[in-house]
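Biologist: Before we discuss any labels, could you show me the model, and then take me through the cut-offs behind each term?

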Amino acid sequence: MTFISYAQNFEDVLLWRALGHIKNGFYIDVGANDPVDHSVTKAFYDAGWSGINIEPLPAFHQAFEKQRPRDVNLAIAAGASDGSLTLFDVPSVNGWASPDRAVAEAHRADGFEVAELTVPVRTLAGVCANYVKGDIHFLKVDVEGFEGEVLRGMDFERWRPWVLVIEATMPNSRVTNHETWEALVTNRRYRYAHFDGLNRYYVAEEHAELAQVLSIQPNVFDEFITHHLDKAWQAAQDAEQAGARAVERSEAAVGLAEERTARADERRWEA
């Protein structure tokens, strides 16, 4: 069966390769953003998984509430300690919201409008204590430069996600920044497995066999297509079927008209 990928960099393809055999698995998505576009978890949800989506922007949180009823959807930010913070949103660009003022200033310098809102903050450890009952099969963190603060708020001794997927570049840049936070996971018995140009993947030592599975980029053997292509094909198929139905209706109408004409001719001859 062809896998439908929703993630912007095919993160879900790699994760499915490693974890797709697990039935009704569990994920945590920090910086979940949108429940469909660029979503790392959408394909898993459709396959029966569930998890926790952490997304502080109200519009996106509401979309998760509507579209992900099996999930726990939290309108908060994750950080090193409980409290609140100012979130800097770029309304014109989906996915650029960041708690990092320096990132916001860089966006402003590039001519983008930046909106500020205050959002509650909780640690990942606290969220896990409230909502996690079993294994966490993967944890994805994409918070536009705030990854280190999120990781500082996680207890990796008590909670052991099998796979970590952490954005590892500066916002809107190819410049890597993992050196600022990588020790927070490697010192907690996580092994580096892969870099996809945007994210770094780590596996828990107790699941070290997954490192090899994650080490190769998505490719033809993963048998996947993007959901945009899937939608385009479905739209083309729907249009083709609609066209066929229109032709059938037209042919039926012509046949009926011809039949009525023939009957009228017969009546004229009989008269």
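Modeller: Let me start with the salt bridge, which is a side-chain nitrogen of Lys or Arg within 4 Å of a carboxyl oxygen of Asp or Glu. This is a predicted model, in which local features need pLDDT of at least 70 and side-chain atom pairs count only at pLDDT 80 or more, while totals for chains, interfaces and linings use all residues. Residues are numbered from 1 along each chain as its sequence is written, and side-chain values use heavy atoms, with hydrogens and water left out.

Biologist: Why is the pairing of arginine 68 with aspartate 71 called a salt bridge?

Modeller: The N to O distance between the two side chains is 3.1 Å, and because the limit is 4 Å, the pair qualifies as a salt bridge. Both arginine 68 and aspartate 71 are also buried, where buried means under 20% relative accessible area, exposed over 50% and partly exposed in between, with a 1.4 Å probe and protein chains only. Over the whole structure, the search finds ten salt bridges.

Biologist: What does the salt bridge between glutamate 182 and arginine 200 tie together?

Modeller: The closest N and O atoms of glutamate 182 and arginine 200 are 2.7 Å apart. Glutamate 182 lies in the loop between strand E9 (163-167) and helix H7 (183-186), whereas arginine 200 is in strand E11 (residues 199-204), so the pair links parts that are 18 residues apart in sequence. Helices (H or I, at least four residues) and strands (E, at least two) are DSSP runs, numbered from the N terminus. Glutamate 182, at 18% relative accessibility, counts as buried, and arginine 200, at 11%, does too.

Biologist: Which residues have the most contacts inside the largest nonpolar core?

Modeller: A nonpolar core is a set of buried Ala, Val, Leu, Ile, Met, Phe, Trp, Tyr and Cys residues joined through side-chain atoms within 4.5 Å. The largest one has 38 residues, and those with the most contacts inside it are Ile28, Val30, Ile54 and Leu124. Not counting residues up to four places away in sequence, isoleucine 28 touches, among others, Ile52, Leu124, Val132 and Phe138. A second, separate core has 21 residues, among them Val40, Trp162, Val163 and Val203.

Biologist: What makes helix H1 mostly covered?

Modeller: Seven of the nine residues of H1 (residues 11-19) are buried, among them Val13, Leu14 and Leu15. Asparagine 24, by contrast, is placed in the loop between H1 and strand E2 (26-30), and its 51% relative accessible area is over 50%, so asparagine 24 is exposed. Its phi is near 55 degrees, a positive value in a residue other than glycine.

Biologist: Why is the chain called more spread out than a compact globule?

Modeller: The chain has nine helices and twelve strands. Its radius of gyration, taken over C-alpha atoms, is 25 Å, well over the 18 Å given for 271 residues by the globule rule (2.2 Å times the number of residues to the power 0.38), so the chain is more spread out than a compact globule. Along the principal axes, the C-alpha atoms fill a box of roughly 100 × 45 × 35 Å. Glutamate 240, in helix H9 (residues 227-270), is exposed at 60% relative accessibility, and its C-alpha atom is separated by 48 Å from that of alanine 109. Buried residues make up 46% of the 271 residues.

Definitions and conventions: Contact means heavy atoms within 4.5 Å.
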